[in-house]
Amino acid sequence: EEEERKEFVKIISSNNILLLQLIDDILDLSKIEAGTMDFTFAQTDINELMEGICRQMQEKNSSPDVQILFTEKADQCVMYTDRIRLSQVIINFTNNALKFTPKGSIEMGYRIEEAKDEIYFYVKDTGIGIPADKIDKVFERFVKLNSFIKGTGLGLAICRVIVERLGGVIGAESKEGEGSRFWFRIPRSEKIEK
C-alpha cells in the first residue's frame with residue numbers, strides 16, 4: 001500500500017516535470033517564431049563557455065561507460081553572440097547524445113572557419129545512430145525518434161530556430177549503430193538587426 005503510493009507520487013512528479021518542460025518548450029518555440037524571444041548579445045569567451053557546459057554534462061552523466069569530452073578548440077575564441085541561446089543549443093545536443101549513447105564517448109568541439117568568418121560547432125557521439133529516413137525530420141517539432149525516451153520532441157526544433165536567428169545553419173549526420181554528429185555554423189561577428 002505504502003510502496004504503491006510512493007510509486008504513484010513518483011510517476012506524478014516525473015510527469016509534472018515533463019509537462020513543465022513541454023510548456024517551457026512550447027513557449028520558447030512560439031516566442032522565437034513570433035520574434036519576441038529576447039536575444040542578448042555580448043562578447044563571449046567560447047572556450048570558457050564550452051568548458052563549463054562540458055563540466056556540467058560530466059556531472060550529469062551517470063554512466064561509467066560514457067566519456068564526455070571537449071576535444072576540439074582554438075587557442076582562443078571570443079565572439080559577439082547570445083551566450084545563453086548558444087549554450088541552449090549545445091546542451092540540447094549533448095543531452096540528446098547522452099540519451100542515445102549507451103557506451104563510448106560524446107565529444108563536443110568547434111573550429112573557426114576563417115575563410116567564411118564562421119564558427120562550426122558540433123557534438124558527436126558513438127551512440128545508436130539515427131535511421132537515414134528520419135535524419136531529415138529531427139529538426140521538426142514534436143518529432144521523437146524513440147517514444148520510450150523522455151523528452152518533449154521540441155528540443156531540436158528550438159535549436160533550429162535559435163541557430164537560424166543567430167544567422168546560421170544547423171544539420172546532422174548519422175550512421176545507424178555507429179553514432180551521430182549534430183552541428184551548426186554561425187557567423188563569427190553577427191550583429192543581428194532587431
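In this predicted model, Ile 12 is situated in helix H1, which spans residues 2-34. Its relative accessibility is 51%, so Ile 12 counts as exposed. Together with Phe 8 and Ile 11, Ile 12 forms a nonpolar patch on the surface, and the three residues have about 300 Å² of accessible area together.

Two packed helices are described by the angle between their axes and the distance between the axes. For H2 and H3 (residues 83-100), the axes come within 11 Å and cross at roughly 35°. The crossing of H2 past H3 is right-handed. On the H2 side, the contact involves Ile 46, Glu 48, Leu 49, Met 50, Ile 53, Gln 56, Met 57 and Lys 60. H3 contributes Arg 83, Leu 86, Ser 87, Ile 90, Ile 91, Thr 94, Asn 95 and Leu 98.

Asn 61 occupies the loop between helix H2 (46-60) and strand E2 (66-72). Asn 61 counts as buried because its relative accessibility is 17%, and buried means under 20%. Leaving aside residues up to four places away in sequence, Asn 61 touches Val 66, Ile 68 and Leu 98.

Most residues other than glycine have a negative phi. The phi of Asp 117, however, is positive, near 55°.

The accessibility of the individual residues is set out below.

| Residue | Relative accessibility | Class |
|---|---|---|
| Ile 12 | 51% | exposed |
| Asp 117 | 30% | partly exposed |
| Asn 61 | 17% | buried |

Key
Residues are numbered from 1 along each chain as its sequence is written. This is a predicted model: local features need pLDDT of at least 70, side-chain atom pairs count only at pLDDT 80 or more; totals for chains, interfaces and linings use all residues. Side-chain values use heavy atoms; hydrogens and water are left out. Patches are made of residues with over 30% relative accessible area and no salt bridge: like charges are joined within 9 Å, nonpolar side chains (Val, Leu, Ile, Met, Phe, Trp, Tyr) within 5 Å. Accessible areas come from the Shrake-Rupley method with a 1.4 Å probe; for residues, only the protein chains shown count as cover. A salt bridge is a side-chain nitrogen of Lys or Arg within 4 Å of a carboxyl oxygen of Asp or Glu. Helices (H or I, at least four residues) and strands (E, at least two) are DSSP runs, numbered from the N terminus. Buried means under 20% relative accessible area, exposed over 50%, partly exposed in between (1.4 Å probe, protein chains only). Contact means heavy atoms within 4.5 Å. Axes are lines fitted to C-alpha atoms, for helices over the stretch in contact, and angles run from 0 to 180 degrees between N-to-C directions. A crossing is left-handed if the near helix is turned anticlockwise from the far one by less than a right angle, and right-handed if clockwise.
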